[in-house]
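Please examine the sequence and the three-dimensional structure shown here before reading on. The explanation that follows moves from strands to helices and ends with a pocket.

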Amino acid sequence: MSESPGNVQGSLAALYESLQTSVLQLFTDPTQLSPGQAVLVAASALFVGAVVWTCCGGQRRTKVKLRAEFTPGKVYYHVPGPPVKVIPSLTPFGMKLETYLRMADIPYEPMYGRSMGPKGKIPWIEYNGEAMADSGLIMEFLNREKGVDLNRTLSDADKAVSRAFTKMVEENTYWGLVRDRWIDNFDKMQDMFEVTWAVMFFLRSVRPKIRQQLWAHGIGRHSKEDMEGIIEKDLKAISSFLGTKPYLMGDEPTEVDAVVFGQLSELCWANHDSYLHRIVTVDCPNLQTYCSRIRDRYWPDWDQLTKKTKKDQ
């Protein structure tokens, strides 16, 4: 039987009073603490520490091991890898960043592995002996460092639209990809990721955390049908805005094309047999044509990286 609100409040009040007494005793005469009081104080300290750790977790930086020798001005790009048979990178943020590096003609060297960057995520880069994280912030840094401006032809209004699409696909559409892979079609990931059953056993243990992330974001609180409807509207909005243009903002590619290609390339080539793949290939074929255009222009080594042959295509 559950306690009534009055009983719960009384219990909490008694606990708070006992804690106050124990803490006061700790600072005045700790030798007089009873075993029960000592346990209460210790448990409270652990609880407060856990709260502080959680609240300040966003400020923690992961310690990364940097290379001892580097070529000045060269980007060492850390990404999960190596490439798989369907796509050069299975992270859309990796596809985004590497496409940007190619568009901006910035020299880089991919460093395949699972090492996390200073913010505990991947991809990340090493540049002139320093580690940098977050694909968007990395692009902003390299724009300043290298004097790159892929958006130089855009008006302020165009830049605003570009930012809106960037935030839509990375803060909303992306989670449709996450759910499709990790929740709805997890059994297909072994073939896609090209990993052993042992690795899949480990990845299975990650799924509860993925569910928590979806729930914390808010989009994971929707039903499967509602969420698919939301993501479909996102993709159709991109398709409608793109229309018959070669690139999102016109005749030449800009930064937002690297961002959107990063997300859509996963749907075109790595998420077969899903509603996401159907939307970008059947319902909105201009999105697949758009992705192929960017791939052909900036990824001439795509087949070499994915070890595709004409027979495979």
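This is a predicted model: local features need pLDDT of at least 70, side-chain atom pairs count only at pLDDT 80 or more; totals for chains, interfaces and linings use all residues.

**From strands to helices and a pocket**

Glu126 stands opposite Ala131 in strand 4. Strand 3 covers residues 124-127 and strand 4 covers residues 130-133. The two strands run antiparallel and are joined by four bridges. They form a hairpin with two residues between the strands, where Asn128 takes a positive phi near 50°.

Strand 3 also has a partner in strand 1, which spans residues 75-79. These two strands pair in the antiparallel sense, again over four bridges. Within this pairing, Val75 has Tyr127 of strand 3 as its bridge partner. The side chains of strand 3 can be followed in turn: Trp124 and Glu126 point one way, whereas Ile125 and Tyr127 point the other way. All four of these residues are buried.

The next element to follow is helix 8, residues 224-242. Its 19 residues reach 27 Å from the first C-alpha to the last, which is close to the 27 Å expected at 1.5 Å a residue. Gly243, which follows helix 8, has a positive phi near 55°.

Which residues of helix 8 are buried? They are Met227, Glu228, Gly229, Ile231, Asp234, Leu235, Ile238, Ser239 and Leu242.

Helix 5 contains Arg179. Is this residue buried or exposed? Arg179 is buried because its relative accessible area is 15%, under the 20% limit for that term. Beyond its neighbours within four places in sequence, Arg179 is in contact with Asp184, Leu214, His222, Ser223, Lys224 and Met227. Met227 is also one of the buried residues of helix 8.

Of the 15 residues that line it, Lys188, Asp191, Met192, Ala270 and His272 are the closest to its centre. Helix 6 gives the largest share of the lining, three residues. By class, the lining holds five nonpolar, four polar and six charged residues.

How values were computed. Residues are numbered from 1 along each chain as its sequence is written. Side-chain values use heavy atoms; hydrogens and water are left out. Buried means under 20% relative accessible area, exposed over 50%, partly exposed in between (1.4 Å probe, protein chains only). Two strands pair if DSSP finds at least two bridges between them. On a 1 Å grid over the protein atoms alone, a cavity is a set of points where a 1.4 Å probe fits but cannot get out, and a pocket is an open set with protein on both sides within 12 Å along at least five of seven lines; lining residues have an atom within 4 Å of a point. Ala, Val, Leu, Ile, Met, Phe, Trp, Tyr, Cys and Pro count as nonpolar, Asp, Glu, Lys and Arg as charged, and the others, Gly among them, as polar. The expected span of a helix is 1.5 Å times one less than its number of residues. Contact means heavy atoms within 4.5 Å.
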